[in-house]
Amino acid sequence: MASPMLEYAFFEGRIVPFAEAKISIGTHAVQYGTGAFAGVRGYLDADGETINIFRLPEHCGRLLNSAKLLRAELPFTRESLAETIVSLLKANAPTSDVYIRPFIYKSSIQLTPRLQGLNDELAIYMLTLGDYLDTGGVKAIVSSWIRVPDHAIPSRGKLSGSYINSALAKDEAEEKGADEAILLDQHGHVAEGSACNLFLVRDGTLITAPITGDILEGITRRTVFQFAQDAGIPTVERTIDRSELYIADEAFFCGTGVQIAQIASIDGRPVGDGRPGPVGLQLQQMLFDTVRGRSTTYAHHLTKVRVEKPVGAPAG
Ligand code: PMP
């Protein structure tokens with residue numbers, strides 16, 4: 001199988017071939033999970049020549065907030081981080097959809113799980129990526145693993161070490177023949193998926209867990225709210241009981257990777273009639289029309305990059 005990795009990465013301040021972007025096994029972030037990352041999608045525009053990066057400034061902002069949680073010190077602003085990502089995208093000049101993975105990490109080779117007195121680095125790589133989950137209807141289970149509480153590991157940031165929590169839940173879901181896990185919080189309320197936020201629809205109202213409910217501050221979640229408000233769909237952020245999962249009319253996951261993925265069943269119980277519902281479908285259509293450049297209503301959410309293969313080696 002051809003590697004989905006694109007040719008160039010950003011590493012230690014320069015654009016280098018992906019294969020040369022290597023770190024030591026003793027790196028603090030490798031040993032202790034002291035890293036923070038972003039996952040950003042770039043979609044090939046309907047014109048076939050432009051990559052539309054979805055909500056790049058917001059992803060850069062959240063990454064810098066996650067870095068703050070790790071007390072990382074880096075010379076990047078939201079703007080310069082976004083510019084670095086765009087330069088790397090131009091160097092790679094992809095001809096299909098891409099997933100962009102910027103990563104801030106404690107690069108020192110040092111024992112002791114701590115945050116200060118260590119060096120920080122930024123690395124970025126990119127890969128081609130299609131659908132992460134089937135967007136038409138996935139099987140979900142409620143995981144026996146609870147979502148890591150914010151006062152154990154900050155759950156609103158995208159911190160590398162906390163993804164052990166996601167991996168345990170996803171593993172359990174796959175072990176049970178499902179596609180994705182739903183994690184409850186420490187109080188037994190519904191938090192989110194292993195790598196996505198979760199929405200329910202009950203009596204025409206869109207419901208999701210509050211931002212203080214041990215969830216990642218999802219950028220697609222925010223987008224779904226905006227789309228829904230503009231479309232006149234009532235929305236509410238509130239705690240969700242587990243039993244509401246079983247009586248909801250519709251449910252869907254959302255996130256950069258999963259996009260908007262309808263949930264067909266939860267713990268073997270069909271959601272609604274088991275088929276995608278009208279609210280989820282409408283929001284999904286709005287998202288896909290936006291990212292492909294077919295609708296210009298939300299064009300301000302796109303960083304449009306024209307990609308042409310550069311001649312010669314990329315500038316550092
Ligand atoms: N929750 C978790 C745990 C995630 O990893 C993700 C993916 N980044 C999300 C929610 C969705 O966030 P976003 O819409 O910003 O991608």
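Author: Start with a definition: buried means under 20% relative accessible area, exposed means over 50%, and partly exposed lies in between, using a 1.4 Å probe and protein chains only. Thr 256 is buried, because its relative accessible area is 17%.

The model is predicted, so local features need pLDDT of at least 70, side-chain atom pairs count only at pLDDT 80 or more, and totals for chains, interfaces and linings use all residues. Residues are numbered from 1 along each chain as its sequence is written, and side-chain values use heavy atoms, with hydrogens and water left out.

Where does Thr 256 sit? Look in the loop between β14 (250–255) and β15 (259–266). Strands are DSSP runs of E, at least two residues; helices are runs of H or I, at least four; both are numbered from the N terminus. Contact means heavy atoms within 4.5 Å. Leaving aside neighbours within four places in sequence, Thr 256 is in contact with Gly 39, Val 40, Arg 41, His 59, Tyr 99 and Thr 220. Take Arg 41: it is 215 residues from Thr 256 in sequence, and the C-alpha atoms are 6.4 Å apart.

Now the domains. The assignment gives domain 1 (8–130) and domain 2 (138–291). Such bounds come from an automatic or database domain assignment. The C-alpha centres of the two domains lie 25 Å apart.

In domain 1, Phe 37, Phe 54 and Arg 62 lose the most area to domain 2. Together they make up 35% of what that side buries.

What about charges? A salt bridge is a side-chain nitrogen of Lys or Arg within 4 Å of a carboxyl oxygen of Asp or Glu. Between the domains the count is 0. Polar contacts are another matter. These are pairs of N or O atoms within 3.5 Å; within protein, one must be able to donate a hydrogen and the other to accept it, and residues adjacent in sequence count only if both atoms are side-chain atoms. Between the domains, 11 residue pairs are in polar contact, both residues at pLDDT 80 or more.

Conventions
Buried area = accessible area lost by both parts, 1.4 Å probe.
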